[in-house]
Amino acid sequence: MSQDAEKSTAKLSKVEKKLNLLKKRAHLIFRNIDCVKLFNRILKKTPDEILATITESGLRGRGGAGFPTGMKWKAALEAPGAVKYVICNADEGEPGTFKDRVILERQPDKIIVGMATCAYVTKATEGYIYMRGEYNFMSKEIKACCEKWNDLFEKKDFPFRVSLRLGSGAYICGEETALIESMSGNRGEPRLRPPFPVSEGFNDMPTVVNNVETLAYVTMIMDDGLDFFKSVAKDDSMGGKVFSVSGDAAIKGVFELPLGMTVQEFVDIFGDGDTKAVQVGGFSGLCVPRKHFATTIIGYRGVQTGGSMILYNSTRSMYLVLKNYLEFFQEESCGQCAPCRIGCQQLLLGIEAMRQGTRPLSHIDKLRELVNVMGVASKCKLGMSLANPFNSITEHFFEEICSKW
Amino acid sequence: MEKVSLTINGINVEVRKGSTLLEAAKKAGIRIPTLCHHPDLVPAGNCRLCVVEQKGAPFLLASCTTKAADGMEIETNTHRVREARRVILELLLAEHNADCISCPASGKCQLQSLAHEYFVQKTDFMNIADKSPIDDSSPSIVKDDSKCIRCLRCVRTCSELMGVSALVSAHKGRYTKVETLLDKPLQYAVCTMCGQCVSRCPTGALVEKNYVNDVWRAISDPEKFVVVQTAPSVRVGLGEMLNMAPGSIVTGKMATALRQLGFDAVLDTNFSADLTIMEEGHELLQRLTKALRDKEKISFPMMTSCCPAWVKFMEHEYPDQLEHISSCKSPQQMLGALIKTYYAQKRGIDPSKIVSVSIMPCTAKKFEASRLEMKSSGYTDVDYVLTTRELGHMIRQSGIWFDELEESTFDSPMGEGTGAAVIFGASGGVMEAALRTVYEVVTGREVPFENLNITPLRGTDGVRAASIRIDKPLPDWSFLEGVEVNVAIAHGLANARKLMDDVEKGLSPYHFIEVMACPNGCIGGGGQPMPTSPEIRRKRTAAIYEADSKLPRRKSHENSEVLALYKDFLTEPLGHRSHELLHTHYTKRDDLP
């Protein structure tokens, strides 16, 4: 064994220790609990009590947008409607994100208990798990789980039924209003907002759309109580977060960690020692360069994330990284609004042209102007959020964007 | 009514709760540029050109879709807003084949005029215009995807107003485009060819098929005798093509202009509109007789057949209900058949030398003229159909000073039309004209409405219904004593569908239904001048009723030329010759390739 390898084993074990410590600190989602017993306990509380607990927990949407869950539920509760719905957003489509898949596979009960809790609070009677089509291999198990709980709800006279819906592959259908359109059999395109789904959602009735992980956390808050949940995070972000770690990482996979870490702390554990950038929050998130690792906090305080962490080491061409992002977005834009539909194509063509020399390097100014207009004038967050990766990559890695690799 | 108040560019405005920022700005006297917005359609917020800035908000707001709220402070002309609009225009131009010189929409193209307004002459963005070939398969509409900016006005028109959805938004991302189902050529799509998409397309992506040069060629051919007919609603639309205000009545000037253009005879479709009433009115009476006196099983309601887009809609969508449609041809096709028979005989012209042109507010009429069964004269009954817009272009090309023209009348025979014929141009007009005649045939008295104006049939509601009770009929019609004749009117095919669903179930209470495919009838036709809006159509409608009220004869059965036609040639309504020349049959179109 060479000296280098010995060193790295030693380092890894030190890293592992650190990781285990963090995992222990935020071990909620994947801890096995008796969901049926918990559900019985939940029903003994009043909906008002539960709403107050969720609100006080500071739980925010774990899909990436970070909207306070308690506030969403309250709005749906107060919105008038003959029927109300709870939808579990399991259309996990952000590149680099695969944590919902693991939660769905390993803890489906917690998701359904989370949905039932939401239904109990908001007086919703129907629940849907909208799962991305690529996860069809789980359908059988998820359906069986729905059946199991529906039987239990029936026995308990709890007026709520849950069922599974599958998406058809469009990235944009992870956006809650596009998801609702897709569920209604329409083109998966974002709706105009307002009205928001909490007042006019599925079938134009009040609808809560919560991410898989958010619902699982609801369950854990009901189980462990408020204080534990609040104590998990390292800053005031509240709670833990399930991360999907990929790219040039020494350790890859799905990890539940406390919120509030710096990117540096994160890289120290997961990096391969040569990390030059971390893409936080998937393709639509921010690309953090090495020089900002120490000062960038992962959490609602700093960089919000749906959980995707993609690490890049020095062998990566950031030109190809950005090109890959833009190729993805020009296809996954829903195509409705002009800034996003045409803008995504122009950003891609623009960096290619600069690279090939058919446009001068000053074309970057044009593209930045474009991406900033997309950021303020697009119809939905897809077009708006493109400024995150584009500006951060072209700002910190401009020489890689325009020079021959 | 609840109000909200806000400031726009520092101006205080108070608007109805639920109003958009765009409406509020209009009220404050501020224009905001728009492309995907159209007053007839549900706002989409696609083009984002109408963005404005709200004080304190991180994002710009699309004013067409954002509701005004109390205390908002909106700015419509900040640097940020102007720059966003400029970039969006550049993007749209990058997606657009800006071949303005050869584009039929040049001059009326809203993208072109906004690009000028914002000094966007060229863009550093790459051109990514669609490269698929132009679809000119349809006899009515030409679709050029390279010009399309995906505002979806056509798609929304076709679904919201027409209930047809011949055009849909297909694919996603960079591949998003407007297509027919399975991208079939328009000719093979379930398209009624109404042209409402054309009249709402802000660019040249959808235009009518232009036959102006064919008509010029015919006019300059000394061998040919070129006859022209003009539809009722053209006379209240044409002025808009020639810098006149909406609602200008230009009947006399139009007749003069047509002669100056070189047409050899200028006839009036109003003549055959009156003829249609004679035939269709008697068809209704025949159906009522069979049902009420002879107790035969007759399917009611009878439905009008003047509108070719409506007829094609029925052939596609309700192929088993075609017996409801009157067998009468439309006025265009009746006149076409008579021009190459009766008229040719009377004037001593070889019908093979006649070129029959019609000026219509409509693109579907181009399709109608091309229907295989429309050859009852032995020739193609109508050779070319031009829209009001195309006639406007011909007049401009000819250098005629339209507003200075002397007025003149149509040629005879087949140039006389009554007030009943003029109102064919507005929704409800055919029904009103029919009742004016039918009621009098049955009772010997005029319809019991002041000045013959059957006001319950007029208006802008998408579906309207009325009943007229027959008292003291003439002895021949005694079986109609006390019968309430129930009638209904629909305009916009989406509204027609509401009536049809009842008809299909056998639940329709009506005897007679008038349907016009286009909003507000032919005055809002797909071939009329652009732009179109409820306000413009209201003015055209008012002009139609004004034209009716000024005519000396206002009942179809008083048209002396129509009476002469029956005496000399047709003998009687629904007679043998009528059936040969003036009636037709329909084709089920539910199994097209």
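How many residues of chain A are in contact with chain B, and how many of chain B with chain A? In this predicted model, 36 residues of chain A are in contact with 36 residues of chain B. The area buried between the two chains is about 3000 Å². Within the chains, two domain contacts are described below: domain 2 with domain 3 in chain B, where about 2000 Å² is buried, and domain 1 with domain 2 in chain A, where the figure is about 2100 Å². A buried histidine of chain B, B:His38, is treated separately.

**Interface of chain A and chain B**

- The size of an interface is often given as the accessible area lost when the parts come together.
- For chain A and chain B this area is about 3000 Å², and carbon and sulfur atoms give 59% of it.
- Four salt bridges are counted between chain A and chain B.
- A salt bridge joins the side chains of A:Glu369 and B:Arg86, with an N to O distance of 2.5 Å.
- On the side of chain A that touches chain B, the elements giving two or more residues are α12 (318-332), α13 (338-356), α14 (363-377) and α15 (381-385) of chain A.
- Of the elements on that side, α13(A) gives the most, with ten residues.
- By class, the side of chain A that touches chain B consists of 15 nonpolar, eleven polar and ten charged residues.

**Domains of chain A**

- Chain A is divided into domain 1 (23-229), domain 2 (233-313) and domain 3 (318-402).
- Between the C-alpha centres of domain 1 and domain 2 of chain A the distance is 25 Å.
- Domain 1 of chain A brings 28 residues to this contact, and domain 2 of chain A brings 29 residues.
- The two domains bury about 2100 Å² between them, of which 54% comes from carbon and sulfur atoms.
- A:Arg25, A:Arg62 and A:Phe98 are the residues of domain 1 of chain A that lose the most area to domain 2 of chain A; together they account for 23% of what that side buries.
- One salt bridge is found across the interface of domain 1 and domain 2 of chain A.
- The side chains of A:Glu213 and A:Lys241 form a salt bridge at 2.6 Å, N to O.
- The same rule-based count for polar contacts across the interface of domain 1 and domain 2 of chain A is 17 residue pairs, both residues at pLDDT 80 or more.
- Elements that give two or more residues to the side of domain 1 that touches domain 2 are α1 (3-25), α5 (99-106) and α9 (212-224) of chain A.
- α5(A) supplies the largest share of that side, three residues.
- That side of domain 1 of chain A has twelve nonpolar, nine polar and seven charged residues.

**Domains of chain B**

- Chain B is divided into domain 1 (3-77), domain 2 (91-208) and domain 3 (224-593).
- The centres of domain 2 and domain 3 of chain B, taken over C-alpha atoms, are 31 Å apart.
- This contact involves 23 residues of domain 2 of chain B and 28 residues of domain 3 of chain B.
- Carbon and sulfur atoms give 59% of the area of about 2000 Å² that domain 2 and domain 3 of chain B bury between them.
- The salt bridge count between domain 2 and domain 3 of chain B is one.
- B:Glu208 and B:Arg389 meet through their side chains in a salt bridge, 3.1 Å from N to O.
- Domain 2 and domain 3 of chain B share 14 residue pairs in polar contact, both residues at pLDDT 80 or more.
- On the domain 2 side of this contact, α4 (153-161) and α5 (196-200) of chain B give two or more residues.
- The largest share of that side, four residues, comes from α5(B).
- The classes on that side of domain 2 of chain B are twelve nonpolar, six polar and five charged residues.

**B:His38**

- B:His38 is in the loop between α1 (21-27) and β3 (51-54) of chain B.
- Its relative accessibility is 5%, so B:His38 counts as buried, the cut-off being under 20%.
- The side chain of B:His38 reaches the backbone oxygen of B:Thr532 at 3.2 Å.
- Leaving out residues up to four places away in sequence, B:His38 touches B:Arg153, B:Arg200 and B:Thr532.

Notes:
Residues numbered from 1 in each chain as written. Chains lettered and ligands numbered in written order. Predicted model: local features only at pLDDT ≥ 70, side-chain atom pairs only at ≥ 80, totals over all residues. Heavy atoms only, no water. Contact = heavy atoms within 4.5 Å. Buried area = accessible area lost by both parts, 1.4 Å probe. Nonpolar A, V, L, I, M, F, W, Y, C, P; charged D, E, K, R; others polar. Domains from an automatic or database assignment. Polar contact = N/O pair within 3.5 Å; in protein donor to acceptor, adjacent residues only side chain to side chain. Buried < 20%, exposed > 50% of the residue type's maximum accessible area, 1.4 Å probe, protein only.
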